[in-house]
Amino acid sequence: MMKKGFLVIGYGKLGGIELGYKSDLDLVFLYDAVESQTTGGKKVIDSNQFYLRLAQKIVSIFSINTSAGVLYEADMRLRPSGDAGLIGCSLSAFSHYQLNDAWTWEKQALVRARPVFGESSLKAKFEHIRQQVLSASRDIEQLKQDVVEMRKKMFTHLSHSKHSEFNLKTDRGGITDIEFIAQYLMLANAPKKPQLTKWSDNVRIFDDMAEAKIISQTDCDTLKQCYVDLRNAIHHLNLIGKSPVVDETEFVKERSFIQAFWDKLFSS
């Protein structure tokens with residue numbers, strides 16, 4: 001596949017280098033082309049149209065049903081304007097949207113974004129945009145409120161476990177809480193320390209926060225261990241075809257620590 005002018009951004013577990021056995025691919029397609037430029041070939045078309053068709057082709061390849069099933073479920077809802085937006089957009093349009101129109105939850109998502117395909121020069125441009133957005137000045141109290149409200153919405157819509165069960169991903173004290181903690185820590189502290197935007201995975205984000213004395217080394221190590229233990233349990237359940245739900249008596253220590261850390265972080 002040609003790389004010229006085309007960039008694929010991985011979000012979510014792909015962006016965070018944490019793909020599991022049932023993970024879908026959260027993708028955003030970006031391109032860098034002169035507005036009126038055309039492409040060669042049997043039929044000359046506008047460069048913007050070319051890149052949009054290329055993005056559509058990639059998605060269709062991932063979605064083809066084979067004897068072994070679908071290769072990957074591709075999800076493009078994290079692109080600018082979501083389902084209402086085009087399947088791909090220019091780097092300049094992406095930058096303008098992120099800096100001027102993106103909601104807090106979209107900036108949280110950007111924490112876990114990284115280039116997975118494209119020219120080195122385009123990857124560098126994206127990394128510059130990402131750092132600009134994540135390290136922009138922001139109201140910390142408003143950020144806290146936005147993150148807490150989004151977490152409540154996700155819990156309401158996604159957590160359907162019984163009182164005797166614990167959903168490793170969506171319940172309080174689970175994976176989602178840890179991910180939100182990492183995202184909040186970066187968004188809250190990157191304006192003063194832009195170097196904190198370097199990584200997109202939770203483990204190294206926590207390492208950087210400890211190195212910068214934002215969280216203690218003990219809390220860092222415990223957060224990482226909780227994350228790894230919960231993630232490994234989810235991988236195991238996925239492999240045997242089960243949902244990420246366990247008995248409420250499991251992971252009590254981990255859940256208690258995560259909930260206490262969350263309460264301390266967002267009540268201070």
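Asp207 is partly exposed, with a relative accessible area of 28%; the term covers values between buried (under 20% relative accessible area) and exposed (over 50%), for a 1.4 Å probe and protein chains only. The model is predicted, so local features need pLDDT of at least 70 and side-chain atom pairs count only at pLDDT 80 or more, whereas totals for chains, interfaces and linings use all residues. Residues are numbered from 1 along each chain as its sequence is written, and side-chain values use heavy atoms, without hydrogens and water.

Asp207 forms a salt bridge with Lys224, their closest N and O atoms being 2.6 Å apart. A salt bridge here is a side-chain nitrogen of Lys or Arg within 4 Å of a carboxyl oxygen of Asp or Glu. Because Lys224 lies in helix α9 (residues 217–239) and Asp207 in helix α8 (residues 202–211), the pair ties together parts that are 17 residues apart in sequence. Helices (H or I, at least four residues) and strands (E, at least two) are DSSP runs, numbered from the N terminus. Lys224 is buried, at a relative accessible area of 18%.

The structure holds 10 salt bridges. One of them joins Arg112 to Glu18, with the closest N and O atoms 3.0 Å apart. Arg112 lies in the loop between α4 and β7 (114–117) and Glu18 in the loop between α1 (12–15) and β2, so this pair ties together parts that are 94 residues apart in sequence. Both Arg112 and Glu18 are buried. Another salt bridge links the side chains of Asp32 and Lys125 (2.7 Å, N to O). Since Asp32 lies in the loop between β2 and α2 (47–63) and Lys125 in helix α5, the parts tied together are 93 residues apart in sequence. Asp32 is partly exposed, with a relative accessible area of 33%, and Lys125 is partly exposed at 42%.

Helix α3 shows how burial can be arranged along a helix. In α3 (residues 91–100), Leu91, Phe94, Ser95, Tyr97 and Gln98 are buried. Seen down the axis of α3, these residues fall within an arc of 165°, so they line one face of the helix; the arc is that of the directions from the helix axis to the C-beta atoms. An α-helix has 3.6 residues a turn, so residues three or four places apart point the same way. On the other side of α3, Ser92 and Asn100 are exposed.
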